[in-house]
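Okay, thanks for coming, everyone.

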Amino acid sequence: MTRIIKYILYDMLRTRFILLYLGFLLLATFSMYMLDSDDAKVVLSLLNIMLLIVPLVGVIFTTIHFYNSYEFIEMMLAQPLNRKKIFISQYLAVIMALSLALIVGVGLPIFIYGVNSSALMLLYSGLMLTFVFVSIAFLAAVFTRDKAKAIGVGLLFWFYFALIYDALLLWAIYQFSDYPIEKATLAMISFNPVDLARILMLLQLDSSAMMGYTGAFYKDFFGSNMGFIYSTMVLMLWALIPVSWSMYIFKKKDL
Amino acid sequence: MASGHAQQISVGLNGQYKSIKQAVEKANAGDTIIINPGIYHENNIIIQKPLTIIGKDYPIIDAGGVGEIFTLAAKNITLKGLFLKNSGMSSVDDLAGIKCLDAHQVRIVDNKFDDTFFAIHLSNTNGALIRGNRLKASAAHEYQLGNGIHLWKCKNARIIDNEIKGHRDGIYFEFVTNSTIKQNLSDGNMRYGLHFMFSHENEYIDNTFRNNGAGVAVMYSHSMKMHRNNFEDNWGTSSYGLLLKDMRDCEISGNKFKKNTIGIYMEGTSRTQFHNNIFRENGWAIKLMASCDDNVFLKNNFIANTFDISTNGKLVLNTIDGNYWDKYQGYDLNKDGIGDIPFHPVNMFSFIVERVPAAMLIWRSFLVQMLDKAEKVIPAITPENLKDNYPTMKPYDLDRKNK
C-alpha cells in the first residue's frame with residue numbers, strides 16, 4: 001500500500017497543483033505576518049482562508065485528481081490487488097498531499113513568527129476541514145462518472161456549507177428566539193463542518209464574549225474542554241462517514 | 001498613669017498578661033502591647049484609648065465564629081502583625097475582624113485575616129491607613145460573606161498594598177471622600193473587586209482586579225481618578241471590568257482591560273475622560289449607553305476585542321477621536337499617521353446579538369462578514385455618528401509591566 005501511495009504522490013507532484021497551493025498559502029501567510037505586527041489580527045485574516053479556500057481546494061483538487069487517475073485505477077484493478085487497498089491509498093495520498101501543503105504553507109510562517117495557541121488551533125481546524133472536504137469530494141466522485149457533474153456537486157456542498165447554511169441558521173435562530181434554543185443551535189452547527197471548525201476558533205478568539213451570553217450551557221461548552229472535544233469528534237464523523245460510504249460504493253462499482 | 005510615659009506590655013505565655021483583653025483593660029493611653037506567638041481564643045476586644053498592638057510572628061486570634069474580634073473606638077490606634085480568624089457572621093450587626101467606630105487616624109498594617117465576615121470595617125473614621133494586609137474568605141455563597149475592606153462615611157483614607165480574596169466586595173466605599181486606593185490586588189471576590197457608592201473625589205491607582213464577579217463598580221459619584229489599574233478575567237453574564245453608573249467628571253487613564261466579558265459598561269456618565277487605556281481580548285470593549293454624554297475617548301488602544309463598542313440608540317453625544325482600532329481598514333495617503341477615512345467602531349452584528357444572544361454562534365462566519373461590510377458601506381442599523389474621525393494607523397505604545 002505504501003508503494004501505491006508513493007506512486008500517487010509522485011504523480012500529484014507532477015501536476016504542480018499542490019505546489020501552486022503550497023506557494024499560495026506560503027505567500028498569503030507570510031505577507032499577512034509582514035503587513036500586521038499583531039498576531040491576533042493575522043490569525044483573524046487567516047481564518048477566512050481556512051474557512052473558505054481550504055475546503056474549496058480540497059473539493060476541487062480531489063475530484064480532478066480522482067478523474068485524472070481513472071485510468072491508473074483501472075490499470076491497478078487489473079492487478080491482483082484489493083479494491084479497498086487501492087481506494088484507501090488514493091484517499092490517504094490526497095489527504096497527505098493537501099495536509100502537507102497546509103502544514104508547510106501555513107505552519108512554517110507560524111513557527112517562524114511565533115507560535116501561539118490560536119495560530120495552532122487555526123492550523124488544526126484547517127487540517128480537519130481538509131479531511132472532511134476530501135471525504136465529501138470522494139463521495140461525490142464515486143457517485144458519478146461525469147467529471148463536471150462531480151465537481152459541480154462538490155462545489156455545491158462547499159457553497160452550501162460556507163454560506164447558505166449560516167443564512168438558514170441565522171433565520172432559524174431569529175424565528176425561534178423566544179424559545180430556549182441553545183442546545184438546538186449547537187446541534188444544528190454539528191451539521192456543518194465549516195461551522196464546527198469556526199467554533200474551534202471562537203473558543204480561542206472570542207471566549208470572553210461567548211462566556212457573557214446565553215446562559216450556563218454555552219458557559220460549560222465554551223469555558224471547558226468540552227467545546228473542543230465535541231467539535232473534534234463531530235468533525236471526525238464528518239470525515240469518516242463519507243469516506244466509508246464512498247469506499248463501500250467503490251468496492252461494488254462497475255468502473 | 002503611674003510613670004507618665006508610654007510603657008510596653010507583653011501578652012502571652014511568658015508575658016505579663018495571659019489574655020489580650022486583660023492587657024488592653026490595664027494599659028494606659030499611648031502604651032504598646034506586644035502579643036507573643038500563640039493561639040488566643042478571644043473575641044469582642046474593645047479598645048477605647050490610643051494603643052499600639054503589635055503581634056510577634058503573627059499570633060492567631062480566633063473568635064471561634066462568635067462576635068467580633070477587635071472593636072476600635074478611639075483615635076490613634078495601631079494594629080500590626082496579627083492573624084485574625086473566624087469572626088461571627090451576621091448581616092444585622094455587620095460583624096468584622098476589626099471594626100472601627102469614630103477611630104480617626106487608625107493604622108491597620110500587615111495583618112492577616114482568615115474567614116472573617118467583614119475583615120476591616122470602618123465607620124466615620126478619618127485618616128485611616130490600611131496597608132499590607134492579606135484578606136481571605138472561603139464561604140460558598142454571597143450571603144455568607146461580608147466585604148473585605150468596608151468604609152462608610154470616611155475621609156482621607158489610604159488603602160495600600162492589600163490582597164483581598166474571596167469576599168463579597170473586595171473593597172467597598174460608601175460616602176467616602178478624598179481617599180486613595182493603591183497597589184491592591186482584588187481576586188476572586190463574589191460581587192465586585194472594588195465598589196464605590198456616593199463616594200467623591202477618590203482615586204485608585206495601580207490596582208489589579210482579577211476574576212471577580214465584576215471588576216470595579218463606581219456609582220453615583222463624581223470627580224474620581226482611576227489610573228493604571230488592571231482589569232482582568234472578569235467573566236460572566238453580567239460581568240464588567242468597570243461599571244460606571246451616574247458618574248461625572250472622572251479621569252480614567254492608563255488602565256488595562258484584558259479578557260473581560262465587558263471592558264467598560266457605562267450609563268448616565270458625563271464629562272469623563274478616557275485616555276491611554278488598553279482594551280485587549282474583551283468580549284465588548286465598551287458598552288456605551290445612549291444616556292452618556294460629553295465623554296471623551298482619546299489615545300486608547302482597541303486590540304483583538306470581539307466587539308469594540310456597542311450602544312443602544314442612535315443618539316451619540318460623546319467624542320471618540322484619535323484612538324487605535326485593530327479593525328480599522330482605512331488608508332493614510334498623506335502619511336501623517338492618521339487614517340484618512342473615519343472608523344465606525346459599532347459592529348452591526350452586535351445589534352443582532354443584543355436581540356438574539358444565540359446568534360453569537362455564527363459570529364465570524366462569512367455571512368456575518370458580508371453583512372458587516374454592507375453595513376459599513378451604508379449604515380442602516382448602526383449609529384452613523386458614532387465614529388472615530390482620526391483613527392491612528394499604529395497602536396499607541398501603552399504597554400507596561402503587570403504588577
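**Two loops in chain B**

Let's begin with B:Asn178, which sits in the loop between strand S19 (171–174) and strand S20 (180–182) of chain B. When I say helix or strand, I mean DSSP runs numbered from the N terminus, with helices being H or I of at least four residues and strands being E of at least two.

Before I go on, the housekeeping: this is a predicted model, so local features need pLDDT of at least 70, side-chain atom pairs count only at pLDDT 80 or more, and totals for chains, interfaces and linings use all residues. Residues are numbered from 1 along each chain as its sequence is written, while chains are lettered from A and ligands numbered from 1 in the order in which they are written.

Back to B:Asn178: it isn't a glycine, yet its phi is positive, about 50°. For burial, I count other C-beta atoms within 10 Å of a residue's own, placed from the backbone: 20 or more is buried, 12 or fewer is exposed, and in between is partly exposed.

B:Asp102 is another one to look at, a non-glycine with a positive phi of about 50°. You'll find B:Asp102 in the loop between strand S10 (96–101) and strand S11 (107–109) of chain B. B:Asp102 is partly exposed, with 14 other C-beta atoms within 10 Å.

One more loop residue while we're here. B:Ile341 lies between strand S39 (324–325) and helix H2 (348–355) of chain B, and with 13 C-beta neighbours inside 10 Å it is partly exposed. From B:Ile341 to B:Ser186 you go 155 residues in sequence and 41 Å in space, C-alpha to C-alpha.

**Chain B as a whole**

Zooming out, chain B has 3 helices and 39 strands. Its C-alpha atoms fill a box of roughly 85 × 40 × 35 Å along the principal axes. Of its 403 residues, 47% count as buried. Take the contacts in chain B between residues at least 6 apart in sequence, and 46% of those join residues at least 24 apart. A contact here is two C-beta atoms, placed from the backbone, within 7 Å.

Now some strand pairing, which needs at least two DSSP bridges between the strands. S32 (residues 273–275) and S35 (residues 293–298) of chain B run parallel, joined by 3 bridges, and B:His275 stands opposite B:Leu298 in S35(B). S35(B) is also joined by 3 bridges to S38 (residues 317–320) of chain B, again parallel. There, B:Asp293 stands opposite B:Leu317 in S38(B).

**Over to chain A**

Helix H2 (residues 17–35) of chain A has 19 residues and reaches 27 Å from first C-alpha to last, close to the expected 27 Å. That expectation is 1.5 Å times one less than the number of residues. Which residues of H2(A) are buried? They are A:Ile18, A:Tyr21, A:Leu22, A:Leu25 and A:Thr29. They cover an arc of only 100° around the axis, so they are on the same side of H2(A); the arc is taken from the directions from the helix axis to the C-beta atoms. On the other side, A:Leu20, A:Leu27, A:Ser31, A:Met34 and A:Leu35 are exposed. The buried residues of H2(A) pack against helix H1 (2–15), H3 and helix H5 (83–113) of chain A.

Compare H9 (residues 193–205) of chain A, which is mostly covered, with 12 of its 13 residues buried. Among them are A:Pro193, A:Asp195 and A:Arg198.

**Where the chains meet**

The contact takes 30 residues from chain A and 29 residues from chain B. On the chain A side, the elements giving two or more residues are helix H3 (39–68), helix H7 (147–175), helix H8 (182–189), H9 and helix H10 (207–212). H7(A) gives the most, 8 residues. By class, that side has 19 nonpolar, 5 polar and 6 charged residues. Nonpolar means Ala, Val, Leu, Ile, Met, Phe, Trp, Tyr, Cys and Pro, charged means Asp, Glu, Lys and Arg, and the others, Gly among them, are polar.
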